[in-house]
Amino acid sequence: MTDANRILLGVNIDHVATLRQARGTRYPDPVKAALDAEEAGADGITVHLREDRRHIQERDVRLLKEVLQTRMNFEMGVTEEMLAFAEEIRPAHVCLVPETRQELTTEGGLDVAGQEPRIAAAVQRLSQIGCEVSLFIDPEERQIEASKRVGAPAIELHTGRYADATTPVEAAKELARIRDGVACGLAHGLIVNAGHGLHYHNVEPVAAIAGINELNIGHALVAHALFVGFKQAVLEMKQLIVAAASRG
Ligand SMILES: CC(=O)[C@@H](O)[C@H](O)COP(=O)(O)O
Ligand SMILES: NCC(=O)COP(=O)(O)O
């Protein structure tokens, strides 16, 4: 396998915390899930500390910072509260995401092109403390170019529209947008990650796109883990994406 076929799996553990928060218990602990994921081959652990704290809590992030063997990818909205928290924690990676309180999940990418000075200031602040910053954006040329202009070294392409496609034609169109987005990001010298809504039945065509650095996957892993256990769920996903990338 050449470097171009290499692909990393970032395991998002938010929805382990969703289950815990549903009953206000101490279990299931997302920290345990993170350690199991690492043992099963996760290359990194992703957490999203939402403004409304519906799943991940500050306690989780602080503990993860202490115990992870791999690296944390900390997803956050672009707010003063989150910037200050990131400065305290200093995660290896920070992914800036759009956030609205009422949304069911992250419904679209960050509008970098529409707020360049604000995003550039956040990127600069986080870069200064050693975080590798990525921007969670839709696979659109103007957002990719804006990401480059604001100084982010990495982008994460939002794959939700591909995942939500209801016909093969629509899925193929959305996959082509992701493929073009990857090519555009690479042409601008960016590290290109992707994620959102990926699961065991739709992940392979995305993993097969040459040049993708990392896929961040959460909801499907947590759901599958109910039936096979967290380690096995991560292992199966990792095997699936590595095989697809090496075929691609
Ligand atoms: C930004 C992103 O895609 C992840 O954080 C994912 O959204 C996690 O799940 P929720 O959107 O349900 O919080
Ligand atoms: N950034 C996307 C992510 O971390 C995982 O999203 P999902 O697999 O939970 O939809």
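How far is an oxygen atom of ligand 1 from an N or O atom in the side chain of arginine 50? The gap is 2.7 Å. This distance, like every value here, comes from a predicted model.

Stay with the ligand for a moment. Histidine 55 also reaches it: an N or O atom of its side chain is 2.7 Å from an oxygen atom of ligand 1. Histidine 15 takes part as well, with a polar side-chain atom 3.1 Å from an oxygen atom of the ligand. How much of the ligand does the protein cover? On its own, ligand 1 has 340 Å² of accessible area, and the protein covers 92% of it.

Now look at the surroundings. Ligand 1 takes up the space of the largest pocket. In total, 13 residues surround it. The closest are Arg50, His55, Glu75, Thr105 and His196. What kinds of residue make up this shell? Seven are polar, three are charged and three are nonpolar.

Next, follow the backbone. Most peptide bonds are trans, and most residues other than glycine have a negative phi.

Start at tyrosine 27 and proline 28. The peptide bond that joins them is cis, with omega at about -10 degrees. Where is proline 28 found? Look in the loop between helix H1 (14-23) and helix H2 (30-39).

Then move on to arginine 53. Its phi is positive, near 55 degrees, although the residue is not a glycine. Arginine 53 lies in the loop between strand S2 (44-48) and helix H3 (58-67). Is this arginine buried or exposed? Its relative accessible area is 17%, so arginine 53 counts as buried, because the cut-off for buried is under 20%.

Arginine 90 sits in the loop between helix H4 (80-89) and strand S4 (93-96). With a relative accessible area of 45%, arginine 90 is partly exposed. That label applies because partly exposed covers the range between the 20% limit for buried and the 50% limit for exposed.

Finish in strand S4, where leucine 96 lies. How accessible is leucine 96? Its relative accessible area is 0%, so leucine 96 is buried.

Key:
Residues numbered from 1 in each chain as written. Chains lettered and ligands numbered in written order. Predicted model: local features only at pLDDT ≥ 70, side-chain atom pairs only at ≥ 80, totals over all residues. Heavy atoms only, no water. Helix = DSSP H or I, 4+ residues; strand = E, 2+ residues; numbered from the N terminus. Buried < 20%, exposed > 50% of the residue type's maximum accessible area, 1.4 Å probe, protein only. Near = heavy atom within 4 Å. Polar contact = N/O pair within 3.5 Å; in protein donor to acceptor, adjacent residues only side chain to side chain. Areas by Shrake-Rupley, 256 points an atom, 1.4 Å probe, with all protein chains shown as cover. 1 Å grid on protein atoms, 1.4 Å probe; cavity = no way out; pocket = protein on both sides within 12 Å on 5 of 7 lines; lining within 4 Å. Sits in = over half its atoms within 2 Å of the grid points. Nonpolar A, V, L, I, M, F, W, Y, C, P; charged D, E, K, R; others polar.
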